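Please keep the sequence and the model in view while reading.

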Amino acid sequence: MKKIIPADKASSLSRAARILRRGGLVAFPTETVYGLGADASNPRAVARIFEVKKRPSFDPLIVHVASIQEAKRLWKKTPALAEKLMKKFWPGPLTLVLPKSGKVPDIVTAGLPTVAVRCPRHPAALALIRALGRPIAAPSANPFGRTSPTAARAVFEDLGKKIDLILDGGPAAVGVESTVVKIGRGRGTLLRPGGISLEELRKILPVSFKKKKTRGTFESPGLPESHYAPRTPLFLWRGPVAGPPRSPRVGVLSPAVLSPRGDLREVASKLFQTMRELDKMRLDRIVALPVPEKGLGLAIMDRLRRASAGKWMK
Ligand code: TXA
Ligand code: MG
């Protein structure tokens, strides 16, 4: 049987839901990146996600729901601010972290007392959650620490042999992961910049953000300093006009090439796929030019910084 099947067919969705119900793993499209899904109420299925991704057991997963109602059942209480954020940004690339209810198995949250929940915007993701009739736990569908997949093909190359099915819903529209916000009393803490900008969030609530996370902070356990990395060493580069050295072989990841009209949304949507393509070219290094850290630029620079583990090319 085929492993990559079109996400927009009813027969694909029922096959995928059947696999999830039996404790299997299905990769599915979301508007941000492809997710590797398991039935969130099945601890053994969720354990397989950790195995397949080689994800450390202290790194909690995001639970995907199809409605605000469904999210509320996963949290102990839903503060008015969270409600406001969900109404404004869902379905969409915003993940909210709040104290969890008894409905969430500990393995999903890596033992934390909170759970991260989001409602994705891709119609196939919503349809899959509805077909299963339960929330889906899903990290990005890549081996831990590597570049996130924005196409079904990329999932197949990385994890194809280890998972049960891949739903192909076309290229991910946003291209960087969701924004993760922890909700506290009357305010939020940005744990990961993503598809919804800090500026947009701050129109609704005060949000604090420490760009330089102190080492060993376990507030967002899945954010080590090196992440999203291609195999080819990647460096950030301030880009003198002369251009990077021609030898050794250097690939340039340039925002101006990804979006000649300077649209950061276009840059984000092509970022991970371009990293993957450069990674296949047997280069000695990749150099990435920075973008201004405004709007989506904050998420783009976060990914580039981690992909380079903070290394700048002199
Ligand atoms: O866009 C996305 O969010 C994608 C798609 C598939 O939905 N998912 C995704 O999941 O990026 P993942 O597992 O690659 O990243 C989840 C991030 C990690 O940094 C994790 O540490 C953090 O969310 N996280 C999850 N639960 C948390 C919690 N209870 N408290 C703090 N951080 C949490
Ligand atoms: Mg990830």
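Is the crossing of H1 and H5 right-handed or left-handed? In this predicted model, the crossing of H1 and H5 is right-handed.

**Helix H1 against helix H5**

- Helix H1, which covers residues 10–21, packs against helix H5, residues 123–132, at an angle of about 55°, and their axes are 9 Å apart.
- Angles under 35 degrees count as roughly parallel and those from 65 to 115 as roughly perpendicular, and H1 and H5 are therefore oblique to each other.
- On the side of H1 the contact is made by Leu 13, Ala 16, Ala 17, Leu 20 and Arg 21, while H5 contributes Ala 124, Ala 127, Leu 128, Ala 131 and Leu 132.
- By residue class, this contact of H1 with H5 comprises nine nonpolar residues, no polar ones and one charged residue.

**Helix H9 against helix H10**

- H9 and helix H10 (residues 297–307) pack with their axes 9 Å apart, at an angle of about 20°, which makes H9 roughly parallel to H10.
- The crossing of H9 and H10 is left-handed, whereas that of H1 and H5 is right-handed.
- From H9, the residues Leu 264, Val 267, Ala 268, Leu 271, Phe 272 and Met 275 meet Gly 297, Ile 300, Arg 303, Leu 304 and Ala 307 of H10.
- The residues of the contact between H9 and H10 divide into nine nonpolar, one polar and one charged.

**The salt bridge of Glu 31 and its surroundings**

- Glu 31 and Arg 118 form a salt bridge in which the closest N and O atoms are 2.9 Å apart.
- Because Glu 31 lies in the loop between strand E2 (26–28) and strand E3 (35–39), and Arg 118 in strand E6 (residues 114–118), the pair ties together parts that are 87 residues apart in sequence.
- Both Glu 31 and Arg 118 are buried, and for Glu 31 the relative accessibility is 4%.

- Arg 276 forms a salt bridge with Asp 158, and here the closest N and O atoms are 2.9 Å apart.
- This pair links distant parts of the chain, since Arg 276 is in helix H9 (residues 264–279) and Asp 158 is in helix H6 (residues 152–159), 118 residues apart.
- Arg 276 is buried, at a relative accessible area of 9%, whereas Asp 158, with a relative accessible area of 28%, is partly exposed.
- Arg 265 and Asp 263 meet through their side chains in a salt bridge, with an N to O distance of 3.8 Å.
- Arg 265 counts as exposed at 59% relative accessibility, while Asp 263, at 18%, counts as buried.
- Through salt bridges that share partners, Arg 261, Asp 263, Arg 265, Glu 266 and Lys 270 are joined into one network.

Note on methods. Residues are numbered from 1 along each chain as its sequence is written. Chains are lettered from A and ligands numbered from 1 in the order in which they are written. This is a predicted model: local features need pLDDT of at least 70, side-chain atom pairs count only at pLDDT 80 or more; totals for chains, interfaces and linings use all residues. Side-chain values use heavy atoms; hydrogens and water are left out. A salt bridge is a side-chain nitrogen of Lys or Arg within 4 Å of a carboxyl oxygen of Asp or Glu. Helices (H or I, at least four residues) and strands (E, at least two) are DSSP runs, numbered from the N terminus. Buried means under 20% relative accessible area, exposed over 50%, partly exposed in between (1.4 Å probe, protein chains only). Axes are lines fitted to C-alpha atoms, for helices over the stretch in contact, and angles run from 0 to 180 degrees between N-to-C directions. Angles under 35 degrees count as roughly parallel, over 145 as roughly antiparallel, 65 to 115 as roughly perpendicular and the rest as oblique. A crossing is left-handed if the near helix is turned anticlockwise from the far one by less than a right angle, and right-handed if clockwise. Contact means heavy atoms within 4.5 Å. Ala, Val, Leu, Ile, Met, Phe, Trp, Tyr, Cys and Pro count as nonpolar, Asp, Glu, Lys and Arg as charged, and the others, Gly among them, as polar.
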